[in-house]
Amino acid sequence: MEQAAPDLERLLQPAPLEPLGHPDAGLEAAVGEEAEGAQDEEGPGDRTMTENNFWLKKIEISVSEAEKRTGRNAMNMQETYTAYLVETRSVEHIDGPSVLTDSLWRRYSEFELLRNYLLVYYPHIVVPPLPEKRAEFVWHKLSADNMDPDFVERRRIGLENFLLRVASHPILCRDKIFYLFLTQEGNWKEIVNETGFQLKADSRLKALNATFRVKNPDKRFTELKHYSDELQSVISHLLRVRARVADRLYGVYKVHGNYGRVFSEWSAIEKEMGDGLQSAGHHMDVYASSIDDILEDEEHYADQLKEYLFYAEALRAVCRKHELMQYDLEMAAQDLASKKQQCEELATGTVRTFSLKGMTTKLFGQETPEQREARIKVLEEQISEGEQQLKSKNLEGREFVKNAWADIERFKEQKNRDLKEALISYAVMQISMCKKGIQVWTNAKECFSKM
């Protein structure tokens, strides 16, 4: 009996949002034992803490300091690197004091390992980005050296922000690997590698192939991908403009130091006007030196923008995963349709399309009825198996779409809130800077008036 080909567009229509059935399910009691200080002995497959246990034991996270170290890498070559002290505090009662429970050192590469693991096991989530490994969009006074103390301090703040982002996420916060990252220094790398996440990671070549060959892309994810590209472009331009402004502003402020020098020299040759000129020169010197602190504060707002510059890539990662799943679904549907056609041709004895098998039959004669029945039976088994695989891929794809879009909506709210706050704060800082400049010139005016 002829079977109709599946309607891919109908199959991919999103259904009402449901909880994600993730392989991290398990570990119900282990977190409670961890809260009591007991060693968890669950296997690497159980990677999720129950929400109740996690929030009953409220955790405060900080990356409190950075330390320059020297050691040997995997190639047994000496290297210099920066280690970061990760501290977690457990708050047993809302009004009670926080108690330091864990303190350990982590390298930047370990933060990268954690994020790569999260990307693989939570492909439907916009995973928070890490701060830049090397300084970008710097103006001339800032060092691009990744060992520069000011850069290391900003990266320390960025790494702390990354951990806080993960800890505040409703799904990522319950991951056991993340919890062990905060609490277990010894063999954490071995534990995360035992999960086999590297084997589950999609290759870039496969993702690129899916991007160009998928026939029915979801319009929402296509638009999201374009939006992420535009967001990255806009923020990049904004950061470049800010760097150029910082360069020029630094020069303008420092040139005001020349006023101070000239007024000081002038005061030496004046009797009645000397004190006023000397005081005005002092105000100019203060004004010139204030730019260092101002631009240091500006770097904080630049880093907030950079976080969303890197978030754009996290959005694209979700889109690429959806393209891969859509491509696999289309290939499964195409293979199933081909097998159904072969089965129909064998059953009816008609060949609709050119095939190598058809040419072989014409050259070497027809199959016996027994051979044809055997082939039909094999194809029917393959069709049944293919239908189950297609159904499974379809359900997996629909589940991915539902959960991914829920997290994207959560991300949009976070982005709008954070960027609004950052831009308002930046404007307030600029207003404050201008007011200080007005005050300096007001003070200078008063000095001139007293001459």
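Is Glu160 buried, partly exposed or exposed, and what is its relative accessible area? I looked this up in the predicted model and found Glu160 partly exposed, with a relative accessible area of 21%; I note that buried means under 20%.

**Entry on Glu160 and helix α5.** I placed Glu160 in helix α5, which runs over residues 149-168. Leaving aside neighbours within four places in sequence, I found Glu160 in contact with Ile61, Ser62 and Val63, and I recorded a separation of 8.3 Å between the C-alpha atoms of Glu160 and Ser64, which are 96 residues apart along the chain. I then checked the helix itself: α5 has 20 residues and reaches 29 Å from its first C-alpha to its last, close to the 28 Å expected at 1.5 Å a residue. Among the buried residues of α5 I listed Phe151, Leu159, Phe162 and Arg165.

**Entry on the partner of Glu160.** I found a salt bridge between Glu160 and Arg156, with the closest N and O atoms 3.9 Å apart. Because the two residues are four apart in helix α5, about one helical turn separates Glu160 from Arg156. Arg156 counts as buried at 13% relative accessibility, whereas Glu160 counts as partly exposed.

**Entry on Glu307 and helix α11.** I located Glu307 in helix α11, residues 274-348, and noted that Glu307 is buried, with a relative accessible area of 11%. Apart from neighbours within four places in sequence, Glu307 is in contact with Pro129, Asn161 and Arg165, and Arg165 is one of the buried residues of α5. For the length of α11, I compared the 111 Å that its 75 residues should span at 1.5 Å a residue with the 112 Å between its end C-alpha atoms, and the two agree. I also recorded a kink of about 25° in α11, centred on Ser290.

**Entry on other salt bridges.** I counted 21 salt bridges in the structure. In one of them Glu298 meets Arg242, the closest N and O atoms being 3.0 Å apart; this pair links distant parts of the chain, with Glu298 in helix α11 and Arg242 in helix α10 (residues 219-267), 56 residues apart. Both Glu298 and Arg242 are buried.

**Entry on the whole protein.** I counted 13 helices and three strands, and 41% of the 451 residues count as buried.

Technical notes:
Residues numbered from 1 in each chain as written. Predicted model: local features only at pLDDT ≥ 70, side-chain atom pairs only at ≥ 80, totals over all residues. Heavy atoms only, no water. Buried < 20%, exposed > 50% of the residue type's maximum accessible area, 1.4 Å probe, protein only. Contact = heavy atoms within 4.5 Å. Expected span 1.5 Å × (residues − 1). Bend = angle between axes of the 7 residues up to and from the residue. Salt bridge = Lys/Arg side-chain N within 4 Å of Asp/Glu carboxyl O.
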